[in-house]
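Biologist: I have a model open and would like to learn how to read it. Could you walk me through some features?

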Amino acid sequence: MNDSDTSLCVRLTQNQPIPLDVNLSCGSAELLALTGPSGSGKTTVLRAIAGLHKVANGTITCRNQRWQDDEEKLFLPAQKRRVGLVFQHYALFPHLSVLDNITTAMSHVARKSRVEKAMDWLRLTNMEGLHKQHPHRLSGGQRQRVALARALAREPNVLLLDEPFSAVDQLTREKLYRELAQIRSRLDIPMILVTHDMLEVQQLADSLCLIHHGKTMQSGPVSNVMRKPATARIARLLGHKNLYTGTYSRSGTTGNLTMLGAQIELPPQEAIANGDVSVLIEPSAIIMHRSDKPSHGERENPIVTRVAEAVELGDELSLRLIVEATDDTIAFRVSRHVAMRNNVVAGGQLTVSILSDGIHVMSAT
């Protein structure tokens with residue numbers, strides 16, 4: 001991302017009380033997912049952006065306005081930063097109505113216009129009919145909509161979402177995902193979503209910044225980071241399961257990979273030296289051989305396995321296979337009717353193919 005396209009730039013470093021070495025940027029209308037294990041510093045980064053926490057060394061710029069700059073000894077307090085912040089547990093005022101919760105965030109709006117504009121935000125978040133209710137009369141999803149409307153009512157330059165969906169049930173969460181996607185089309189501000197849910201990241205975010213022990217490990221478009229983690233450690237932090245060791249060598253215009261007891265041809269991996277490597281296989285690159293009608297994909301890199309585990313998860317079967325040649329495990333899912341048609345059962349033999357396009361090679365770490 002060019003500096004001219006970047007609406008929010010954040011650089012934070014400190015040794016204590018929480019070590020930080022974070023570098024991230026987010027463009028207008030972009031949603032950046034900030035993820036990592038519990039205790040990695042995600043909420044601290046959000047609080048630093050909002051001005052609720054001063055990091056020892058930092059530079060924060062939003063829409064060409066400097067909020068923190070150590071060289072100039074500048075630190076703008078929270079009340080002078082136009083930030084919309086949505087907390088995990090709503091943080092609504094219990095003694096105020098929904099409407100009054102919204103108008104409390106509108107000190108920048110002329111008093112006579114606040115109610116009208118607050119109702120506009122409630123309409124946007126599908127809460128207009130409940131404007132007279134108090135928070136204790138609302139469901140978790142409704143309270144989160146009010147919290148979002150209040151954050152937006154500040155007409156912020158950046159929207160910060162701190163695990164906003166973790167306190168609601170799965171059905172409500174799916175509804176809120178859709179509503180947030182619709183609301184995003186109306187906003188032209190950077191948005192940062194703190195979450196540890198990788199499914200949430202893939203459904204909602206444009207870009208991803210992974211932090212661990214307070215340090216940026218990798219950032220970029222979601223699909224790039226998820227499909228091409230820089231190291232096996234990053235792949236594990238992202239929740240990938242099909243990670244292996246192998247041996248790579250390049251011969252002319254062909255890359256050769258030995259793994260899972262098979263020889264696999266790949267396009268040459270320019271950044272990878274010959275020798276031991278770490279390998280990630282995407283679940284979508286694992287093709288189950290059909291018992292009734294072989295397909296073209298089955299000719300590519302066949303691997304003989306036995307089914308160690310077949311667990312029904314709704315309309316899918318979660319399979320854990322043991323590679324007969326190496327005793328490595330392979331995990332992926334297939335639809336239940338396909339598994340039944342091919343008599344996939346625990347203890348049975350199953351041949352799968354690994355498509356080369358879904359193999360990512362990393363330096364051994």
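Modeller: We'll go through a sheet, a helix and a helix pair. This is a predicted model, where local features need pLDDT of at least 70, side-chain atom pairs count only at pLDDT 80 or more, and totals for chains, interfaces and linings use all residues. Residues are numbered from 1 along each chain as its sequence is written, and side-chain values use heavy atoms, with hydrogens and water left out.

Biologist: In which order do the five strands of the open sheet run?

Modeller: In general, strands of a sheet pair through backbone hydrogen bonds, either parallel or antiparallel. Here the order is β14-β13-β12-β15-β21, with antiparallel pairing. Strands are DSSP runs (E, at least two residues), as helices are (H or I, at least four), numbered from the N terminus; two strands pair if DSSP finds at least two bridges between them. The edge strands, β14 (262-266) and β21 (359-363), each pair on one side only.

Biologist: How many bridges join β15 and β21?

Modeller: Five, with β15 covering residues 275-281.

Biologist: Why is helix α1 described as largely enclosed?

Modeller: Buried means under 20% relative accessible area, exposed over 50%, partly exposed in between (1.4 Å probe, protein chains only). Seven of the nine residues of α1 (residues 42-50) are buried, so the rest of the structure largely encloses this helix. Among them are L46 and I49. Just after α1, G51 has a positive phi of about 85°.

Biologist: Which residues of α4 and α5 meet?

Modeller: Contact means heavy atoms within 4.5 Å. G141, Q144, R145, L148 and L152 in α4 meet T172, K175, L176, E179 and I183 in α5.
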